[in-house]
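Me: I would like a close look at a single part of this model, with the criteria spelled out as you go.

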Amino acid sequence: MTMVKDVTHRLVPAPAGRIHLVEQGTGPLVLLVHGFPESWYSWRHQLPALAAAGHRAVAVDVRGYGRSSRPEDVSAYRMLDLVDDAVAVVHALGERSAVIVGHDWGAGIAANSALLRPDVFRAVGLLSVPYAPRGGPRPSEIFAGMGGDEEFYVSYFQERGRAEAEIEPDVRGWLAGFYGAFSADTMPAPGAPDPHFVSRGGGGTLRDRFPTEAPAWLGADELDLYAGEFERTGLTTALNRYRTMDRDWEDLVAYDGAPIAQPSLFLGGSLDASTTWLSDAIAAYPVTLPGLRGSHIVEGCGHWIQQERPAEVNQHLLNWLAGLPS
């Protein structure tokens, strides 16, 4: 198990009630935001590297996860509230500004934090999920139209209780399969049933298409840590992020097509569907991310980029951070 030494765990006040964070190092603040289904621990390889390079590295448990507050109301997981949490963490740490870096859903939180609060977030790093400005049809309509005879996982997650019924009887086994399905070394071969989809008609599950082995980057003790958190909290409040996407589309109408001007960075895996399916969003970066200072595709890497390839991710992050204006 990868131990994270010399870190400080803290609970700080936020609109959610409290946010749990893990802090290491001193210097300019770098806020690290995880995705689904993860935790602050997803940044275990980045915290010491950033601290050693002279940064104050802080990884949070996003609202709904871990030791952070878990409001029951689905609407409490709208993007505007998650941005407010990020701002509250910066202020609770006694800082006025920060660099924000996110992975997966955390990339969306990071992007919107930079977009909505440029006074607080001076630069933004996005891992695995490219920035695509708000626009187009309602998200639920887009996802419902994907897959043809199959149902896209986002639509599956949006129905309250449905994914929970699949996951919660065996959280550890489901997580191992989910991580494995989108990791370079264990993802299904080309032509195999795609784990992003389930069979329509109510009989299928995502797990039907998961691999049986965990990926190499995930040791048994590390899997135990993730599973222990979700066995304690359940999955509903983490899944609620998927259930507020239409609300985000309504909330952010004033930002339709809006670019993010601050210095930015994108890192994606060449085998990650988030990168390949959204290649048009990456191609649009000259317009949507005019402050882009680096866009890198890590060859042979899947979705869990900072855990699959920590040394490369750390080097890209440190090079980018070193070039930012102070």
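Predicted model: local features only at pLDDT ≥ 70, side-chain atom pairs only at ≥ 80, totals over all residues.

Reply: Residues are numbered from 1 along each chain as its sequence is written, and side-chain values use heavy atoms, with hydrogens and water left out.

The open sheet has 8 strands in the order β1-β2-β4-β3-β5-β6-β9-β10, and its pairing is mixed; helices (H or I, at least four residues) and strands (E, at least two) are DSSP runs numbered from the N terminus, and two strands pair if DSSP finds at least two bridges between them. At the edges lie β1 (8–14) and β10 (292–298), each of which pairs on one side only. Neighbouring strands are turned against each other by 20 degrees on average, direction ignored, where axes are lines fitted to C-alpha atoms, for helices over the stretch in contact, and angles run from 0 to 180 degrees between N-to-C directions.

Within the sheet, β3 (residues 29–33) and β5 (residues 98–103) pair in the parallel sense over 4 bridges, and Val 30 has Val 99 of β5 as its bridge partner. Helix α2 (residues 79–92) packs on the sheet, touching (heavy atoms within 4.5 Å) β1, β2 (17–24), β3, β4 (56–60), β5 and β6 (121–127), and its direction makes about 120 degrees with that of β1. Helix α3 (residues 105–116) also packs on the sheet, where it touches β3, β5 and β6, with its direction at about 155 degrees to that of β6.
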